[in-house]
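Reader: I would like to learn how to read the features of a protein model. Please take them one at a time.

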Amino acid sequence: GDILDDYLRTDGVWVLVKNREFYKTNNEKECAEKCEAERNFTCRAFLFTRKKLQCLTLAENAQMALAFASMDTDLYEKRIYFIQCKRGIGTDYRGTEAKTQRGIPCQKWAEKIPHKPNYTPEKHPNAGLEENYCRNPDADENGPWCYTTDPAIRFDYCAIPECEDQCMHCNGEDYHGEISRTQSGLECQRWDVQEPHMHGFTLQHYPEKDLKMNYCRNPDGDLRPWCFTTNPNKRWEYCNIPHCTTSPPVSDRGSQCLSGKGEDYRGRIAITESGNACQHWNTQLPHKHGWIPDRYPCKGLQENYCRNPDGEKKPWCYTTNSSVRWEYCTIPPCDRTEQGIAGMNNVPVQVPLTEECYRGKGQSYRGTTSVTASGKKCQAWSSMFPHMHIKTPERHPDADLRDNYCRNPDGDSSPWCFTTDPNTIWEYCNLKRCDDHTQD
């Protein structure tokens, strides 16, 4: 493969490192070759300046040194130094674990006390024998080890976890692997930067989604893991993550009652709150939709049972009534008494208006309508599926972008929303303008 595949690229960054070497090269690949061949120190990264065609090999990466913006410079960091797990017997492990499986601190490889080592950085310059980090210079079948600081114990093995398989179950929402290229070969943009594409998927907003480095992830319940790309002309793209051959782990069989938003509800209620029968998930009549069971194997889309595959406020279904595309279902709560008391004490009761309306352009509208003028269901403002957008609650904190309720955060002519129809990005909502003489 390409030598640059072993590096993580960040545009416009300079790293201040004392231990470095300068070279004149024609391109990034030649600079990477200089880093691989570096003998003055262990090369963890390199800088490449596009105008001067200058190459700087570095003994430290951005995690170990001071970094700041530099318009003409690209930083390439060796991926291997970000991996804290072992593959196979761990001969290529370059993590920073520095104690044994019994908790004994490791002796530095360059030191001779309390044990005189057979394996030293001088004798094995390519084995990564830095500091006192666990390594496997002799290809021991039991994995990485180190000399210990206990005079009575010469060496011991280290408890290095196995790297996760580079495969996914279901739609890859629990994928935590390290693939970082899209299906067309584009390199992924880091989740913690906003260039070349601005977005709302940050670790701060999605702390449980493991948005590390520039690894492919599925934080929004999409078909499969994806990422923003480093190509300014391609905002995002799916990644090619193979499906695991083993069965997905089974945590439970799902709930038969409503808990939270009911995303784990697996009961057999198949009628909406207004009495409409639910449409089967594997059919496209009378309503066409994208929630196909084969595409979402772990969402419980069986028969025509009410489900919540998209993080709605409660389970719902498409209806067999051609004039009503979808409706919520009435699912009994798991603890009626407890939820009833909590609802009365903590949650304001929302009385549905017989005819919700808006005034002016509707920027002050705070109702709960979530259907467009053509009957399409609104996409949640915090979701990026099926449409990526920047109208997020974080960017518009005063617009009350809750759930998937119709709103007007940008001063349009009336309230609107993104739709759950992949072919229709947005539409105005099914709302009327209030009569000016109506009492507030």
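This is a predicted model: local features need pLDDT of at least 70, side-chain atom pairs count only at pLDDT 80 or more; totals for chains, interfaces and linings use all residues.

Reader: How many cavities of 30 Å³ or more does the structure hold?

Author: Rolling a probe the size of a water molecule over the atoms shows where empty space is left. On a 1 Å grid over the protein atoms alone, a cavity is a set of points where a 1.4 Å probe fits but cannot get out, and lining residues have an atom within 4 Å of a point. Grid points are joined across faces, edges and corners, and the volume is the space filled by probe spheres set on the points. In this structure there is one cavity of 30 Å³ or more. The largest cavity has about 40 Å³ of space.

Reader: Which residues line the largest cavity?

Author: The lining consists of Ile80, Ile83, Cys85, Lys86, Arg87, Asp92, Tyr93 and Arg94. For classes, Ala, Val, Leu, Ile, Met, Phe, Trp, Tyr, Cys and Pro count as nonpolar, Asp, Glu, Lys and Arg as charged, and the others, Gly among them, as polar. By that scheme the lining has four nonpolar, four charged and no polar residues.

Reader: Which residues form a nonpolar patch on the surface?

Author: A patch is made of residues with over 30% relative accessible area and no salt bridge; like charges are joined within 9 Å, and nonpolar side chains (Val, Leu, Ile, Met, Phe, Trp, Tyr) within 5 Å. Accessible areas come from the Shrake-Rupley method with a 1.4 Å probe, and for residues only the protein chains shown count as cover. Here Leu16, Leu66 and Phe68 form such a patch, with about 300 Å² of accessible area together.

Reader: Where is Phe68 placed, and why does Phe68 count as partly exposed?

Author: Strands (E, at least two residues) and helices (H or I, at least four) are DSSP runs, numbered from the N terminus. Phe68 is in strand β5, residues 66-78. Buried means under 20% relative accessible area, exposed over 50%, and partly exposed in between (1.4 Å probe, protein chains only). Phe68 is partly exposed because its relative accessible area is 40%. Ala67 is also in strand β5, and at 37% relative accessibility Ala67 counts as partly exposed. Between Ala67 and Val17 there are 50 residues of separation in sequence and 9.1 Å in space, C-alpha to C-alpha.

Reader: Which peptide bonds are cis?

Author: Most residues other than glycine have a negative phi, and most peptide bonds are trans. A cis bond joins Ile113 and Pro114, with omega about 5°; Pro114 lies in the loop between β5 and β6. Another cis bond runs from Leu285 to Pro286, with omega near 0°, and Pro286 lies in the loop between β9 (236-238) and β10 (316-318).

Reader: What is phi for Glu131 and for Cys170?

Author: Glu131 has a positive phi of about 45° although it is not a glycine, and Glu131 lies in the loop between β5 and β6. Phi of Cys170 is near 55°, again positive in a residue other than glycine. Cys170 is in the loop between β7 (155-157) and β8 (226-228).

Reader: Are Glu131 and Cys170 buried or partly exposed?

Author: Glu131 counts as partly exposed, at 43% relative accessibility. Cys170 is buried, because its relative accessible area is 19%.

Reader: How many salt bridges does the structure hold?

Author: A salt bridge is a side-chain nitrogen of Lys or Arg within 4 Å of a carboxyl oxygen of Asp or Glu. The structure holds 22 of them. One of them joins Glu187 and Arg79 at 3.8 Å, N to O. That pair links distant parts of the chain, 108 residues apart, with Glu187 in the loop between β7 and β8 and Arg79 in the loop between β5 and β6. Glu187 and Arg79 are both buried.

Reader: What is the distance between the closest N and O atoms of Asp210 and Arg217?

Author: In that salt bridge the atoms are 3.0 Å apart, and both Asp210 and Arg217 are buried.

Notes
Residues are numbered from 1 along each chain as its sequence is written. Side-chain values use heavy atoms; hydrogens and water are left out. On a 1 Å grid over the protein atoms alone, a cavity is a set of points where a 1.4 Å probe fits but cannot get out, and a pocket is an open set with protein on both sides within 12 Å along at least five of seven lines; lining residues have an atom within 4 Å of a point.
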